[in-house]
Amino acid sequence: MDVTVVGSGPNGLAAAVICARAGLSVQVLEAQPTFGGGARTASDPEFPDVSHDICSAVHPLGLASPFFTEFDLAARGVQLTAPAISYGNPLDGRPAAIAYHDLDRTCSELEHGSSWRRLLGPLVSHSQAVVEFLLGDKRSVPSGIATVARLGVRMAEQAGPAWNATLAGDDARALYTGVAAHTISRLPSVTSAGAGMMLATLGHTVGWPIPVGGSQAITDALIADLTAHGGQLAAESPVRTPPGGVVLYDTAPTELLSIYGDALPGRYARALRRYRFGAAAAKVDFVLSDEVPWRDPRLALAPTLHLGGDRTQMARAEAAIAAGRHAQQPMILAALPHLVDASRIDTAGRRPMWAYAHVPAGSPIDQAESVIAGIERFAPGFRDIVVAVRSVPAAQLPHHNANYVGGDIAAGGNNAWRALAGPTPRLNPWATPLPGVYLCSAATPPGAGVHGMAGYYAARTLLRREFGFDRLPSLAP
């Protein structure tokens, strides 16, 4: 076997696809019984015609990332449906803040829409340069220098204590903060500002699409291409000793400590032992009998929701999490995929609701009641439509995906420094000091997200170093 990929998340599968298309023999080893890592969908244990996305549910990067753009999910039968509302942020005692796919409509409904337009308008007009920079390898000269400069200015504004100075209106500030909070990090920060800029920009370009049938559709498309080019996959195959040949790890970088032990150079091993994971998410999935009774009826058309209140409330909650405390009103991310995918509703009218609550790393506390209360805050009567609750505390998430150490769904990758340098300071962060051993997880640049780019850069590196390839193979169907 020329290449072994350990882990079948989107990055691992992206790397495997590239290597197989280059004509190499490739195998993917997955410890879990199903493939996909952070892009899996499973049937509810009691209502099998209702399916839940195990980790990610909404995929703007499935349309925007350079890897997926070339791979062309649509041509492979994956239907990514972008709703008219990219995301909504309900607020206490006033109308919700709503980010429509349409930038003009968004600005027209915000209290100070011109402020939102000044922040995002120039980036929306040149969104490709924004994506190429933020998902770039950070080792090449970016295209669209003027747009990158505008992006840098806006990130600086939203990364520091003066973040209110250039974005007016409580609704607009909340709208942006809800997006920035996806990083589960202190607000404001460079990390949250970078994620906020990219995701908010995509909300007005490709939108925030949901794959018909669930996130598993993306994984299945990658697997179909891999097997069509001779690749092999094995589930329930944990790796405890080094595989032969070239090996690429779509895992937390600390996995190398247990697999290679004393074979790791001392300095690198010490750096891995110092590796720190971030704050966590607790997963709560619901089976609902009816539509959510939002106080603001416009939210009935919003498949993605940020349920943390206003900017001050979200920042306070994220600060508590970063300090290792549970927030009284935690930041909650929620999604209702059936709003764009009717196949997610069973014949009895039951439908799924996906949710995360932000919690301290390693939290063992079941967040079901906290999430229900957080939704009831903006949708009185929600509790009455809950048919079933499937809750996984942060401390138990590694049972579903070993990369989620302590419940950190970014494997330590939601960090501005790591998005640049990787898990340890190295000129090439996808390579390790061990011959033929590479990393491609969210812990490597460009960081977390279902974009496949960490796998792309790792495959590029190993194809050049190990097999002498000057060019990457085409990814087109």
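Analyst: Start with a rule: two strands pair if DSSP finds at least two bridges between them. Strands are DSSP runs of E with at least two residues, helices runs of H or I with at least four, numbered from the N terminus. This is a predicted model: local features need pLDDT of at least 70, side-chain atom pairs count only at pLDDT 80 or more, and totals for chains, interfaces and linings use all residues. Residues are numbered from 1 along each chain as its sequence is written, and side-chain values use heavy atoms, without hydrogens and water.

User: What makes strand 12 and strand 13 a pair?

Analyst: Strand 12 and strand 13 (residues 332-335) share 4 bridges, in the antiparallel sense. The definition asks for at least two, so they pair. Thr304 has Ala335 of strand 13 as its bridge partner.

User: Why is Pro142 called partly exposed?

Analyst: The relative accessible area of Pro142 is 27%. Buried means under 20%, exposed over 50%, partly exposed in between (1.4 Å probe, protein chains only). Pro142 therefore counts as partly exposed.

User: What does Pro142 touch, not counting residues up to four places away in sequence?

Analyst: Pro142 touches Phe133 and Val148. Contact means heavy atoms within 4.5 Å. Pro142 itself lies in the loop between helix 6 (127-134) and helix 7 (145-158).

User: Which residues of helix 12 are buried, and why are they placed on the same side?

Analyst: In helix 12 (residues 266-273), Tyr268, Ala269, Ala271 and Leu272 are buried. They cover an arc of only 160° around the axis, so they lie on the same side of helix 12. The arc is taken from the directions from the helix axis to the C-beta atoms. Exposed Arg267 and Arg273 sit on the face turned away from the buried side.
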